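Here is a short tour for anyone opening this entry for the first time. Keep the 3D view at hand and follow along.

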There are 2 protein chains.
Amino acid sequence: MVTSKKRGTPLTKDELFEHALAIADADGLEALTMRRLAKEVGVEAASLYHHLPNKDALLDGVVVRMRSEIRLPEPIPADWKDLMEAIFAEYRRNLAAHPNLVPLAGRRVETDPDSGLIFLTQLGFSDDDAVDLWQSMIAFVVGFSVFSSAYAESDVSDLPSGLAARMSDWRDNTCIRTLRMIIESYDASR
Amino acid sequence: MVTSKKRGTPLTKDELFEHALAIADADGLEALTMRRLAKEVGVEAASLYHHLPNKDALLDGVVVRMRSEIRLPEPIPADWKDLMEAIFAEYRRNLAAHPNLVPLAGRRVETDPDSGLIFLTQLGFSDDDAVDLWQSMIAFVVGFSVFSSAYAESDVSDLPSGLAARMSDWRDNTCIRTLRMIIESYDASR
DNA sequence: CCGTTGAGCCTAACATCGTTAGGTTAACAC
DNA sequence: GTGTTAACCTAACGATGTTAGGCTCAACGG
């Protein structure tokens, strides 16, 4: 008579990451609670610890899940500079699609696309130059995403109103433009 | 007979921000608790709310306090490109000196040094170009600081070990180098 | 076919967090 | 003296991550 306490099918980690991502996307990181996630998947909070060691593992999984949406362009650009631009433009698009998760972007997870770094060394970059460029592109894209996703209410400024309005608008064009500049500059100094 | 419940001198906001910054620097952001801060200044947690509306205001104050350590070079460089480099190198130094506070770097507070942006427009940059450059320098420096402060334990990578070691080392040289490239590129496209 | 086992869930509780309600104390104004 | 008030207090609330311990039921070995 009592409704079954067991779910039809057992939970999977992927199911948890999927729902957790949806919660964070919809209502923000602070809404992503163990109890909230549990409710969403039809379970009690403590049960989640049968699948995850702690909340940190959940957040890691959410980042992996988010990054899994990254796709390389088809076909792959012949010019390596176009390829680099495409990779990080896609990285940027991924972060812009999940603005609430930007604070997690600094996390190191196992799915970072570092194969592009090796590719750079094969193009004639020294290890040092390749790492400098690779780190710079990552840093810039993440930094840009931090501000473009967190700048809703900024009005504190002694700027002329035109500049102030422009300054609180972080445009994809700006991101791509500077990204390209970084790539060209490292190409020139190779 | 009971020891006095009042402190000698009343608390000030600056005193709170100072101690809060010290706590975060020493033990991390998660150690910066209302109760911990209260204990540190010799008061109970609830008393803090006579000086601050909430914890967010505390964090804002900590960021302002941190940024207050930023100093412009003396004398100010004659070349505007050197000036820009100096401003953001100092910005970077400030963040590197407080790695635990990097997650707060995206916060908008009233003390952002946007006067440099106006200066750019006076040099002949259009409003759009000036903002593009200004945003790019901010984004890059903050992004770089995110990774250089959060990369202690990253070992997950399928990179050759030499590259992997180099990749987990985020050097100030790299930051300055790319910063300079961004400035030069915008100068050239003016 | 029956006993055991263990995966997958549960209830209950813990410490800690930010925050609020309401009381006490001491200094100062009139 | 008699308020008034700033600055502190104790006590508590609800929410959080997490742990301990128990139930249930399908699967499997004998």
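Let's start with one residue. With 29 C-beta neighbours inside 10 Å, A:Phe144 counts as buried, because 20 or more are enough for that label. Keep in mind that this is a predicted model. A:Phe144 sits in helix α6 of chain A. Leaving aside residues up to four places away in sequence, A:Phe144 touches A:Trp170, A:Cys175 and B:Ala139. There is also a distance you can check yourself: A:Phe144 and A:Ile182 are 38 residues apart along the chain, and 14 Å separate their C-alpha atoms.

**Where the two chains meet**

How many residues of chain A are in contact with chain B? On chain A the count is 38, and these residues face 38 residues of chain B. Two or more residues on the chain A side come from each of α5 (115-122), α6 (127-150), α7 (161-167) and α8 (172-188) of chain A. Helix α6(A) gives the largest share of that side, with 15 residues. Sorted by class, the chain A side holds 20 nonpolar, 10 polar and 8 charged residues.

How do the two chains relate to each other? The same surface serves both copies, and 100% of the contact residues of chain A recur in chain B.

**Two helix pairs**

Two packed helices are described by the angle between their axes and the distance between the axes. Here are two pairs to compare in the viewer.

| Helix pair | Angle between axes | Axis distance |
|---|---|---|
| α6(A) and α6(B) | about 110° | 7 Å |
| α6(B) and α8(B) | roughly 170° | within 10 Å |

Take the pair that spans the two chains. At about 110°, α6(A) and α6(B) are therefore roughly perpendicular to each other. On the α6(A) side, the residues that meet α6(B) include A:Ile138, A:Phe140, A:Val142 and A:Phe144. Among their partners in α6(B) are B:Ala139, B:Gly143, B:Val146 and B:Phe147. This contact has 14 nonpolar, 2 polar and no charged residues.

The other pair lies inside chain B. With a crossing at roughly 170°, α6(B) and α8(B) are therefore roughly antiparallel to each other. From α6(B), the contact uses residues including B:Asp129, B:Leu133, B:Phe140 and B:Phe144, while α8(B) brings in B:Cys175, B:Leu179 and B:Ile182, among others. By class, the residues of this contact are 9 nonpolar, 2 polar and 1 charged.

**Two domains in chain A**

Now look at chain A on its own. The domain assignment gives domain 1 (13-67) and domain 2 (80-188). Taken over C-alpha atoms, the centres of these two domains of chain A are 27 Å apart. Between them, 11 residues of domain 1 are in contact with 9 residues of domain 2. On the domain 1 side, α1 (13-27) and α3 (55-67) of chain A each supply at least two residues. Which helix gives the largest share of that side? It is α3(A), with 7 residues. The domain 1 side as a whole has 7 nonpolar, 1 polar and 3 charged residues.

Conventions. Residues are numbered from 1 along each chain as its sequence is written. Chains are lettered from A and ligands numbered from 1 in the order in which they are written. This is a predicted model: local features need pLDDT of at least 70, side-chain atom pairs count only at pLDDT 80 or more; totals for chains, interfaces and linings use all residues. Two residues are in contact if their C-beta atoms, placed from the backbone, lie within 7 Å. Helices (H or I, at least four residues) and strands (E, at least two) are DSSP runs, numbered from the N terminus. Ala, Val, Leu, Ile, Met, Phe, Trp, Tyr, Cys and Pro count as nonpolar, Asp, Glu, Lys and Arg as charged, and the others, Gly among them, as polar. Axes are lines fitted to C-alpha atoms, for helices over the stretch in contact, and angles run from 0 to 180 degrees between N-to-C directions. Angles under 35 degrees count as roughly parallel, over 145 as roughly antiparallel, 65 to 115 as roughly perpendicular and the rest as oblique. Domain bounds come from an automatic or database domain assignment. A residue is buried if 20 or more other C-beta atoms lie within 10 Å of its own, exposed if 12 or fewer, and partly exposed in between; C-beta atoms are placed from the backbone.
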